[in-house]
Amino acid sequence: VTLVTGDRVLVKSQTNAAENGIYVVQASGAAVRATDFDDPAEVDGGDFIFVTGGTLYDNTGWVQTSTGVATIGTDPINFTQFSGA
């Protein structure tokens with residue numbers, strides 16, 4: 001998959017789960033956290049995300065299973081697959 005500026009990416013399997021989340025591809029440099037998923041008030045257990053592209057996880061659904069995320073970038077954010085092959 002070739003990513004382009006503005007693409008949203010689910011990051012779900014980092015060794016440090018605090019780095020997981022939804023990111024937006026930038027024109028240059030590293031992707032940044034999506035503005036609608038970068039504050040503890042926006043990240044809650046039960047949030048779900050559908051992946052619509054990619055080699056391994058195209059057409060899959062994921063649910064965010066962490067509760068009590070108080071600090072983005074410090075507290076773990078975990079996702080579990082709930083739909084798709």
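Entry 1. I began with three strands that form an open sheet, in the order S4-S5-S6, with antiparallel pairing. I noted that the model is a predicted one. Next I asked why one side of S4 and one side of S6 lack a neighbour in the sheet. From one strand to the next, the twist averages 35°.

**Entry 2. S5 against S6.** How many bridges join S5 to S6? I found four bridges between strand S5 (residues 60–64) and S6, and the two run antiparallel. I then picked Val-63 and looked for its bridge partner in S6. That partner is Thr-80. A reminder to myself: strands of a sheet pair through backbone hydrogen bonds, either parallel or antiparallel.

**Entry 3. The sheet of S1, S2 and S3.** I turned to another open sheet of three strands. Its order is S1-S2-S3, and the pairing is antiparallel. Which strands are at its edges? They are S1 and S3, and each pairs on one side only.

In S2, Val-24 stands opposite Arg-8. In S3, the bridge partner of Val-24 is Val-32.

**Entry 4. The salt bridge.** I wrote down the general idea before searching. Side chains of opposite charge can pair when their charged atoms come close. How many salt bridges does the whole structure hold? The search finds one. Asp-36 forms it with Arg-8, and their closest N and O atoms are 3.2 Å apart. The pair links distant parts of the chain, 28 residues apart. Asp-36 sits in the loop between strand S3 (32–33) and S4, while Arg-8 sits in strand S1 (residues 8–11).

Are these two residues buried, partly exposed or exposed? Asp-36 has 41% relative accessibility, so I count Asp-36 as partly exposed. Arg-8 has 48%, so Arg-8 also counts as partly exposed. For both, I used the range between 20% and 50%.

**Entry 5. Aromatic rings.** I moved on to rings. A pair of aromatic rings is described by the distance of the centres and the angle of the planes. The count comes to four aromatic pairs. One of them is Tyr-57 with Trp-62, an edge-to-face pair. Their centres are 5.2 Å apart, with 85° between the planes.

I compared how open the two residues are. Tyr-57 is partly exposed, with a relative accessible area of 34%. Trp-62 is buried, at 5%.

**Entry 6. Three phenylalanines.** Which residues form one aromatic cluster? I listed Phe-48, Phe-50 and Phe-82. These residues also form a nonpolar patch on the surface. Together they have about 350 Å² of accessible area. I looked up Phe-82 on its own. Phe-82 lies in strand S6. With a relative accessible area of 42%, Phe-82 is partly exposed. A residue needs over 30% to join a patch, so the value for Phe-82 passes that cut-off.

Definitions and conventions
Residues are numbered from 1 along each chain as its sequence is written. This is a predicted model: local features need pLDDT of at least 70, side-chain atom pairs count only at pLDDT 80 or more; totals for chains, interfaces and linings use all residues. Side-chain values use heavy atoms; hydrogens and water are left out. Two strands pair if DSSP finds at least two bridges between them. Axes are lines fitted to C-alpha atoms, for helices over the stretch in contact, and angles run from 0 to 180 degrees between N-to-C directions. A salt bridge is a side-chain nitrogen of Lys or Arg within 4 Å of a carboxyl oxygen of Asp or Glu. Buried means under 20% relative accessible area, exposed over 50%, partly exposed in between (1.4 Å probe, protein chains only). Patches are made of residues with over 30% relative accessible area and no salt bridge: like charges are joined within 9 Å, nonpolar side chains (Val, Leu, Ile, Met, Phe, Trp, Tyr) within 5 Å. Accessible areas come from the Shrake-Rupley method with a 1.4 Å probe; for residues, only the protein chains shown count as cover. Rings of Phe, Tyr and Trp (its six-membered ring) pair if their centres lie within 6.5 Å; planes under 30 degrees apart count as stacked, over 60 as edge-to-face and the rest as tilted.
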